[in-house]
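Q: I have a structure open and would like to go through it step by step. Could you help me read it?

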Amino acid sequence: AATGLANSTAIQELFQRNSDTFKQMFRRRAFLHWYTGEGMDIMEFSEAESNTHDLMCVHYPNYLASRTM
């Protein structure tokens, strides 16, 4: 058996694409009724977006800086 560990910054593009899609859908309130109907609060979505952004800022600051310029 073998185990391989790797650190790849390619995941940053996936996080960014996921964040962009989330922002677009949340802005339109797409599918939000399904989640609020099951008991989720709208603020949980804002908190999840903030947590993802914080993760990107901590682990991939150069990538975010290049996207804002």
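Q: Where is Phe31 placed?
A: In this predicted model, Phe31 is found in the loop between helix H1 (11-27) and helix H2 (32-37).

Q: And how does Phe31 count in terms of accessibility?
A: Phe31 counts as partly exposed, because its relative accessibility is 49%, and that value falls between the 20% limit for buried and the 50% limit for exposed.

Q: Which residues make the nonpolar surface patch?
A: Phe31 makes that patch together with Trp34, Tyr35 and Met40, and the patch covers about 460 Å².

Q: OK, new topic: how many aromatic pairs are there?
A: The count comes to 4 aromatic pairs. In one of them, Tyr35 and Phe45 have ring centres 5.6 Å apart and planes at 75°, so the pair is edge-to-face. Tyr35 belongs to helix H2 and Phe45 to helix H3 (residues 42-59), so this pair ties together parts that are 10 residues apart in sequence.

Q: Is Phe45 buried or exposed?
A: Phe45 is buried, with a relative accessible area of 10%, whereas Tyr35 is partly exposed at 43%.

Q: Which residues do the ring pairs link into a cluster?
A: Phe22, Phe26, Tyr35 and Phe45 are linked into a cluster by ring pairs, and over the face of Phe26 lies Arg29, at 4.8 Å from the ring centre.

Q: Stepping back, how many helices and strands does the chain have?
A: The chain has 4 helices and 0 strands, and of its 69 residues, 14% count as buried.

Definitions and conventions. Residues are numbered from 1 along each chain as its sequence is written. This is a predicted model: local features need pLDDT of at least 70, side-chain atom pairs count only at pLDDT 80 or more; totals for chains, interfaces and linings use all residues. Side-chain values use heavy atoms; hydrogens and water are left out. Patches are made of residues with over 30% relative accessible area and no salt bridge: like charges are joined within 9 Å, nonpolar side chains (Val, Leu, Ile, Met, Phe, Trp, Tyr) within 5 Å. Accessible areas come from the Shrake-Rupley method with a 1.4 Å probe; for residues, only the protein chains shown count as cover. A salt bridge is a side-chain nitrogen of Lys or Arg within 4 Å of a carboxyl oxygen of Asp or Glu. Helices (H or I, at least four residues) and strands (E, at least two) are DSSP runs, numbered from the N terminus. Buried means under 20% relative accessible area, exposed over 50%, partly exposed in between (1.4 Å probe, protein chains only). Rings of Phe, Tyr and Trp (its six-membered ring) pair if their centres lie within 6.5 Å; planes under 30 degrees apart count as stacked, over 60 as edge-to-face and the rest as tilted. A charge sits over a ring if NZ of Lys or CZ of Arg is within 6 Å of the ring centre and within 35 degrees of the ring normal.
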